[in-house]
Amino acid sequence: MSNAAESPFQTLHEFVKEAKGRLSPGNWDYLVGATETETTMMRNRAAIDSLAFRPRVLRDVSNIDCSGRFLGRKITLPVMLAPVGGLENFDPEGGAPAARAAAEYGVPIMVSSVSMPGLEPMAQAGKGPKVFQLYVRGDWAWIEEITRRAIDAGYDAFCLTVDTAIYSRRERDIAKRFIKPWRVRATGQHFQAALNWNDVKRWKDRFPNTPLALKGIATADDAVLAVEHGVEVVYVSNHGGRQLDHGRGSIAVLPEVVKAVEGKAKVWVDGGFVRGTDVVKAIILGAELVGMGRMYCYALAAAGEAGVARMFQILESEVHEVLGLLGVTRFGELDGSYLHPVAPVVQPHVHSAFPLTNLSDPGYR
C-alpha cells in the first residue's frame with residue numbers, strides 16, 4: 001500500500017470531484033443517475049440518514065478489529081465491490097484494477113457479466129474472494145456453461161440478478177441521447193424476463209456445492225422463497241435506484257429480510273452505501289456484507305487501482321473511528337440498541353453523504 005499521507009486523496013469526497021473532472025458527461029450521468037424521478041436512489045440515502053447512533057462511553061477501545069466475514073472467510077472489512085456494468089468507461093482496463101485492489105486489501109469483488117475484461121481475465125486479475133454475477137442472456141445450456149466457467153475460474157460463489165426482468169428508463173441517458181456501448185451489445189433480454197423460481201431450483205439442483213446469491217430481493221416474501229429454494233445468499237438491492245422507481249431504500253428493507261431468513265441464509269445489501277457510518281449501520285441491522293458500487297467507480301475513475309486501494313484505506317479509517325466512538329472493539333459487539341430512528345437533516349440526493357462537494361453545482365447531482 002502507498003503511504004496514506006502522500007496520497008492526493010485524503011477524504012472520500014475528493015474521489016467524487018476528481019471523477020467528475022475526468023469523465024465524459026454521458027459516463028458521469030450513467031454513474032450518478034437512476035431511473036425516471038430517481039426517487040428510489042434518493043430514498044436509499046434518506047433511509048440511511050434516518051438512523052442515528054446511540055454511543056456508549058468509558059469502554060476500552062484501544063484495540064479495534066474492523067474485519068468481517070465472507071461466506072465463513074475472514075476479510076479485512078465487511079465490504080464488497082458490487083457488480084457494475086461498463087467499468088471500461090471508468091478505466092481503460094475495465095474492472096481489472098478494481099479486482100487487483102480488492103484482492104490486495106482482502107475484500108471481495110462481485111464481477112458483472114456486462115463489464116470488461118470478462119469472466120476469466122477478471123478472475124486472473126484478482127486472486128482474492130470473488131463472486132460472478134450473471135444477467136441471463138441465453139437458455140439453460142448457456143447458463144450452465146457460464147456457471148461452469150465461473151467455477152473453473154475460481155469464483156467462490158455465483159449470483160443471479162433478479163430485479164432486471166424489464167430494463168428501466170434512465171432518463172439522464174435518454175434525455176442526452178447517451179447510448180451505453182454494453183447495451184448496444186446486449187441481446188437476449190427476453191431470457192432475463194423469463195427467469196423464475198423454477199430456474200433457481202434447477203440451478204441449485206445442478207450446482208449444489210456452489211453458493212448462490214440472488215441479487216435484487218426487496219421483500220421478506222421473496223427472501224422466504226429464496227431460502228426455501230436453497231439459496232445461500234439473499235442480496236437486498238434496488239440496483240442503486242436504477243430499476244424500479246418509487247421503491248424503498250435498501251437499508252429500510254434490510255430488517256424484514258434478516259428476520260424472514262431466520263439465519264438460514266446470509267444477507268448482503270447495497271444501495272447508497274458510501275461511508276464508514278453507512279457500513280456500520282447495515283451490519284448492525286444484520287447484513288454480512290455491504291456492497292459499494294458508485295463509491296469505487298469514483299475511485300477507479302479518479303486514479304485507477306491506486307484510487308480504489310486508497311478508498312479502502314479511508315473507508316477502514318472511517319469504520320475504525322465509528323466502532324471506537326460507539327464504544328465497541330468489533331462488529332460482533334453491536335446490536336440494535338446502537339441505533340435510533342431520526343429525521344434526516346439533509347435533503348437526500350446521490351451526493352448528500354459528501355457535504356464538502358460543491359452541492360450548489362447541479363453537475364454533481
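Helices (H or I, at least four residues) and strands (E, at least two) are DSSP runs, numbered from the N terminus. The structure is a predicted model, in which local features need pLDDT of at least 70, side-chain atom pairs count only at pLDDT 80 or more, and totals for chains, interfaces and linings use all residues. Residues are numbered from 1 along each chain as its sequence is written, and side-chain values use heavy atoms, with hydrogens and water left out.

Backbone geometry comes first. Leu-71 is found in the loop between strand E2 (68-70) and strand E3 (73-75). Its phi is near 50 degrees, a positive value in a residue other than glycine. Leu-71 has a relative accessible area of 28% and is therefore partly exposed; buried means under 20% relative accessible area, exposed over 50%, and partly exposed in between (1.4 Å probe, protein chains only). Arg-177 also is not a glycine, and its phi is positive, about 55 degrees. Arg-177 sits in the loop between helix H7 (171-175) and H8. With a relative accessible area of 66%, Arg-177 is exposed. A cis peptide bond runs from Met-116 to Pro-117, with omega near 10 degrees. Pro-117 belongs to the loop between strand E5 (109-112) and helix H5 (119-125).

Ser-24 lies in the loop between helix H1 (13-22) and helix H2 (25-32). Ser-24 counts as partly exposed because its relative accessibility is 32%. Ser-24 and Phe-90 are 66 residues apart in sequence, yet their C-alpha atoms are 9.6 Å apart in space. H2 is mostly covered, with 7 of its 8 residues buried. The buried residues of H2 are Gly-26, Asn-27, Trp-28, Asp-29, Tyr-30, Leu-31 and Val-32. Thr-39 is placed in helix H3 (residues 39-49). Thr-39 has 13% relative accessibility, so it counts as buried. Neighbours within four places in sequence aside, Thr-39 is in contact (heavy atoms within 4.5 Å) with Asp-245 and His-246.

Helix packing was examined for H11 and H12. Two packed helices are described by the angle between their axes and the distance between the axes. Helix H11 (residues 220-228) and H12 pack at about 30 degrees, and their axes are 8 Å apart. Axes are lines fitted to C-alpha atoms, for helices over the stretch in contact, and angles run from 0 to 180 degrees between N-to-C directions. From H11, the contact is made by Ala-220, Ala-223, Val-224 and Val-227; from H12, by Glu-256, Val-257, Ala-260 and Val-261. This contact of H11 with H12 has 7 nonpolar, no polar and 1 charged residues. Here Ala, Val, Leu, Ile, Met, Phe, Trp, Tyr, Cys and Pro count as nonpolar, Asp, Glu, Lys and Arg as charged, and the others, Gly among them, as polar.

A cavity is a set of points where a 1.4 Å probe fits but cannot get out; a pocket is an open set with protein on both sides within 12 Å along at least five of seven lines; lining residues have an atom within 4 Å of a point. Grid points are joined across faces, edges and corners, and a volume is the space filled by probe spheres set on the points.

The largest pocket has a volume of about 500 Å³. Its lining holds 26 residues, and Val-162, Asp-163, Gly-216, Ile-217 and Asp-222 lie nearest the centre. Helix H9 (189-194), helix H10 (197-206), strand E8 (212-217) and helix H12 (250-261) each supply at least two lining residues. E8 gives the most, with 3 residues. The pocket lining divides into 12 nonpolar, 11 polar and 3 charged residues.

The whole structure holds 2 cavities of 30 Å³ or more. The largest cavity has a volume of about 620 Å³. It is lined by 43 residues, of which Pro-83, Val-84, His-239, Gly-240 and Arg-242 lie nearest its centre. Two or more lining residues come from each of H2, H3, helix H8 (181-185), strand E11 (289-292) and helix H14 (294-326). H14 gives the most to this lining, with 4 residues. By class, the lining of the largest cavity has 20 nonpolar, 15 polar and 8 charged residues. The second largest cavity has a volume of about 40 Å³. Asp-29, Tyr-30, Gly-33, Ala-34, Arg-170, Asp-173 and Arg-242 line the second largest cavity. These residues divide into 2 nonpolar, 1 polar and 4 charged.

Conventions
On a 1 Å grid over the protein atoms alone, a cavity is a set of points where a 1.4 Å probe fits but cannot get out, and a pocket is an open set with protein on both sides within 12 Å along at least five of seven lines; lining residues have an atom within 4 Å of a point.
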